[in-house]
Amino acid sequence: MAPCIMTDSGTLDRACRLVEALVFASPEPVKPSSIAELLKAQSVAVATDEAVKAVRALYADHAIEMVLAAGGWQFRTRPEYASALTKVVEKPRRLSRGAMETLAIVAYHQPCTRAEIEAIRGVSLGQAILDALLEDSLIAPKGRKEVPGRPVLWGTTAHFLESFALPNLAALPRREDFLLDRASTEAEDDAPDGSAVGGTEQTG
């Protein structure tokens, strides 16, 4: 871990070191409340936000950064270095298109039942897809819907937010953006001679 820049009193420096050590050692995103608890326990009179800001500034020119994910802070490799690591770092299992579609539906419509997912997708939901999302801890039961049969309600997990580097569900891209992207893609596919809409040359 890189050393923190000293301040006149050294108080912010110690807070910086404590937060850096805590986040580095934790396998899960560290909640602000946990940071505040640590600083209080160590009698360091520095606000949580100030300590976090100091650590983030420390890593401003590093290949890793401290980001907010699933409501907590976590060290991650910067996106611009991801391509350089793809051949040496084992990647997690890639979800199928059906699993990604199902996960997106759950994310935007949660809590929702299996029947509701199937109605939105327009196809039946295979047990293999559900099992894959459960195995990867991306979705979890969120109770039962109070209708005949009391079907299970599904929702996303904290691990889902962590996996997609989202601080919370409010940070999900707007569904309208997906619809616009899809409409643009379909328009390009329908353009004559494979040309793109607006006269722009189609690549790829």
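**Exercise 1.** Which residues of helix α7 (residues 127-135) are buried?

*Solution.* The model is a predicted one, in which local features need pLDDT of at least 70 and side-chain atom pairs count only at pLDDT 80 or more, whereas totals for chains, interfaces and linings use all residues. Residues are numbered from 1 along each chain as its sequence is written, and side-chain values use heavy atoms, with hydrogens and water left out.

Step two is to apply them to α7, where Ile 129, Leu 130, Ala 132 and Leu 133 are buried. These residues cover an arc of only 160° around the axis, which puts them on the same side of α7; the arc is that of the directions from the helix axis to the C-beta atoms. Step three is to turn to the face of α7 away from this buried side, which carries the exposed residues Ala 128 and Glu 135. Just after α7, Ser 137 takes a positive phi of about 60°.

**Exercise 2.** Describe how α5 and α6 pack against each other.

*Solution.* Two packed helices are described by the angle between their axes and the distance between the axes. Axes are lines fitted to C-alpha atoms, for helices over the stretch in contact, and angles run from 0 to 180 degrees between N-to-C directions. For α5 and α6 the angle is about 115° and the axes are 10 Å apart. The two helices are therefore roughly perpendicular to each other, given that angles under 35 degrees count as roughly parallel, over 145 as roughly antiparallel, 65 to 115 as roughly perpendicular and the rest as oblique. The residues that meet are Gly 98, Glu 101, Thr 102, Ile 105, Val 106 and His 109 in α5 and Ile 117, Ile 120 and Arg 121 in α6, where contact means heavy atoms within 4.5 Å. By class, this contact of α5 with α6 has 4 nonpolar, 3 polar and 2 charged residues; Ala, Val, Leu, Ile, Met, Phe, Trp, Tyr, Cys and Pro count as nonpolar, Asp, Glu, Lys and Arg as charged, and the others, Gly among them, as polar.

**Exercise 3.** Carry out the analysis for helix α1 (residues 11-25) and helix α2 (residues 32-41).

*Solution.* The axes of α1 and α2 come within 10 Å and cross at roughly 130°, which makes α1 oblique to α2. The contact is formed by Ala 15, Leu 18, Val 19 and Leu 22 of α1 together with Ser 34, Ile 35, Leu 38 and Leu 39 of α2. Sorted by class, the contact of α1 with α2 has 7 nonpolar, 1 polar and no charged residues.

**Exercise 4.** Is Thr 113 buried or exposed, and which residues does Thr 113 touch?

*Solution.* Thr 113 is found in strand β3 (residues 112-113), and at 4% relative accessibility it counts as buried. Not counting residues up to four places away in sequence, Thr 113 touches Lys 145, Pro 151, Val 152, Leu 153 and Trp 154.

Conventions: Helices (H or I, at least four residues) and strands (E, at least two) are DSSP runs, numbered from the N terminus. Buried means under 20% relative accessible area, exposed over 50%, partly exposed in between (1.4 Å probe, protein chains only).
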